[in-house]
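Please keep the sequence and the model open while reading this note. The points are numbered so that each can be checked separately.

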Amino acid sequence: MKRSGWKVIVSCEHGGNQVPPTYQQLFLRQEQLLASHRGYDAGALPLAEAIAGQLGAPLFFSEQTRLLVDLNRSLGHTNLFGEQLKNTERQVKDTILNEYYLPYRNAVRDAVAAQVALNVQVVHLSIHSFTPVFDGQQRLSDVGLLYDPARYQEKSLCRRWRKELLLSRLLTVRFNWPYRGIADGLVRSLRREFAEEQYLGIEVEINQGLLQGNGRFPEPVCQAVVSSLERLLVTQHKAA
């Protein structure tokens, strides 16, 4: 059965570096770490808000630090919890999962399932940012579009999106960089549950080197991302 177009869903798993009052004792004198790329993805949430707002797409986000629990890691992953929780009791970790991790993951999953049930193909954009220097190596590209190479439609979508992004002449774009498109994450878990005809999961990585002093990406950069998506959606709707 042919799907009746796309439904965009936007998420931002690392949108902030807040520590809930209950757990602040675990993060005493950790302000520098919380403010670093290990604490959250700087600039990612404002960009996700801009995309969702312009496209009229639902937005799922978290402003809790990824050091409490990483919403973009699978249960059992080595880095699911930050090192600050290394020696905490299992009960505490289970409480964190029930309060923050499971509600978020289930909300995104249920939103996808609801659209699939309506015979709509979901395009899930998971918005992240990355540090421009990692392990002493400078990362020179501006945008990474991460997809599963085994999924033809994800690959095709990213190739078309890259062409649209390059029209701005502001951004350089690479595929499956600075991370692999099939690395552990929320997107990968949803790919396992939903067929390609139902779900396309794309992780978007933006270089934090582009950030302004206010912790946001410049308006021309945000507009280049949003307008390229709008053109992509128009093309898709005409083809549907």
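The points below cover a helix crossing, aromatic pairs and one glutamate.

1. This is a predicted model, in which local features need pLDDT of at least 70 and side-chain atom pairs count only at pLDDT 80 or more, while totals for chains, interfaces and linings use all residues. Residues are numbered from 1 along each chain as its sequence is written, and side-chain values use heavy atoms, with hydrogens and water left out.

2. Helices (H or I, at least four residues) and strands (E, at least two) are DSSP runs, numbered from the N terminus. The axes of helix H3 (residues 90–117) and helix H5 (residues 186–193) come within 11 Å and cross at roughly 45°. Axes are lines fitted to C-alpha atoms, for helices over the stretch in contact, and angles run from 0 to 180 degrees between N-to-C directions. H3 and H5 are therefore oblique to each other; angles under 35 degrees count as roughly parallel, over 145 as roughly antiparallel, 65 to 115 as roughly perpendicular and the rest as oblique.

3. Which residues of H3 and H5 make the contact? H3 supplies Tyr 104, Arg 105, Val 108, Arg 109 and Val 112, and H5 supplies Leu 186, Ser 189, Leu 190 and Glu 193. Contact means heavy atoms within 4.5 Å.

4. A search of the whole structure finds three aromatic pairs. Rings of Phe, Tyr and Trp (its six-membered ring) pair if their centres lie within 6.5 Å; planes under 30 degrees apart count as stacked, over 60 as edge-to-face and the rest as tilted. In one of the pairs, Phe 130 and Trp 177, the ring centres are 5.3 Å apart and the planes are at 85°, so the pair is edge-to-face. Phe 130 belongs to strand E3 (residues 121–130) and Trp 177 to the loop between strand E7 (173–175) and H5, so parts 47 residues apart in sequence are tied together.

5. Buried means under 20% relative accessible area, exposed over 50%, partly exposed in between (1.4 Å probe, protein chains only).

6. Tyr 147 and Phe 175 have ring centres 5.9 Å apart and planes at 75°, so this pair is also edge-to-face. Tyr 147 is buried, at 5%, whereas Phe 175 is partly exposed, at 24%.

7. Glu 164 is in helix H4 (residues 152–166). Glu 164 is buried, with a relative accessible area of 18%. Not counting residues up to four places away in sequence, Glu 164 touches Ser 228 and Arg 231.
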